[in-house]
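I opened the model to look up a few things and kept notes as I went. The entries below follow the order in which I looked.

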Amino acid sequence: MTAEILRFALGYAQIALILALALACWRMLLGPRAQDRVLGLDTMYINAMLLFLVIGMGNGNVFFFEGALVIAVLGFVTTVCAAKFLMRGEVIE
Amino acid sequence: MMHLEQLPPWAALIVALFVVIGATLTLLGGVGLVRLKSFYQRLHAPTLGYSYGTLLIILASMLMFSLLEGRAVVHELMIGIFIMITTPITLLMLGRAALRRDRDRKLGHDEVVPPRNRTEPPIETEDEDETKAETGGPQP
């Protein structure tokens, strides 16, 4: 019984995270200015990382954790580079 | 999916609760990211997912894999500490970049910065402070 509840909760979490990913993607496509697009991309990275964690919990597979960690690191580097580019016009001074 | 039956019932309920609340808060952050009006308001919305969503889902994952494997699984804390360190840095840099871009836009992208005089501005600021003190004093 509790396993059914947990399975339903994991399915709901996956659907909610995919919806959040779609909303962030909508903001990235729609965004009136460049910083809105960068913020939407950063949110998409974090939501994808959470989605990987939830999928790994559903599968009982530990290796999704590695993918989540890689996504987190790449999201940080991407957003910092994009913010520096927006601020200065160049990434490495 | 056989591993879900191996969890004790209380742990399954706690994990389900944490995952549902974390995913719902992340979804609310996404809704705020779409619906809020200005960029500086939108900057605050997805931090729900950055803080509460990450914290709750990582706690649920740690609890679940610790009970399944019979030992303390704490490597999810690495993601949590990493997100906790990097999120303020990224959002601060993004906010500063947006501020700078807004200032440049008001100047018409001419990059014309008014020259800084070493001698006159202190006198002007003193005058402004005095006028502010005079006008702001009797009002309250």
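Entry 1, burial and content of chain B. I looked up burial first: 27% of the 140 residues of chain B count as buried. The model is predicted, so I note this as a computed value. I then went through the secondary structure and found five helices and zero strands in chain B. Read from the N terminus, the order of elements in chain B is α-α-α-α-α. I also looked up contact separation. Among contacts in chain B with a separation of 6 or more, 57% are between residues 24 or more positions apart.

I took helix 1 (residues 9-35) and helix 3 (residues 47-69) of chain B, whose axes come within 8 Å and cross at roughly 160°. Angles over 145 degrees count as roughly antiparallel, so helix 1 of chain B is roughly antiparallel to helix 3 of chain B. I recorded the crossing of these two helices as left-handed.

Which residues make the contact? From helix 1 of chain B I listed Ala11(B), Ile14(B), Val15(B), Phe18(B), Val19(B), Ile21(B), Gly22(B), Leu25(B), Thr26(B), Leu28(B) and Gly29(B). From helix 3 of chain B the list includes Thr47(B), Leu48(B), Gly49(B), Tyr52(B), Gly53(B), Leu56(B), Ile57(B) and Met64(B). I sorted the contact by class and got 17 nonpolar, six polar and no charged residues.

I checked UniProt, where an unreviewed entry places the feature "transmembrane region" at residues 12-36, 48-67 and 79-99 of chain B. I then compared two of these spans with the model. Residues 48-67 of chain B are 100% helix and 0% strand, with the end C-alpha atoms 28 Å apart. Residues 79-99 of chain B are likewise 100% helix and 0% strand, and here the end C-alpha atoms lie 30 Å apart.

How values were computed. Residues numbered from 1 in each chain as written. Chains lettered and ligands numbered in written order. Predicted model: local features only at pLDDT ≥ 70, side-chain atom pairs only at ≥ 80, totals over all residues. Axes fitted to C-alpha atoms, helices over the stretch in contact; angles between N-to-C directions. Helix = DSSP H or I, 4+ residues; strand = E, 2+ residues; numbered from the N terminus. Parallel < 35°, antiparallel > 145°, perpendicular 65-115°, else oblique. Left-handed = near helix turned anticlockwise from the far one by under 90°. Contact = placed C-beta atoms within 7 Å. Nonpolar A, V, L, I, M, F, W, Y, C, P; charged D, E, K, R; others polar. UniProt positions renumbered as here; feature names shortened; annotations may be inferred. Buried ≥ 20, exposed ≤ 12 C-beta atoms within 10 Å, placed from the backbone.
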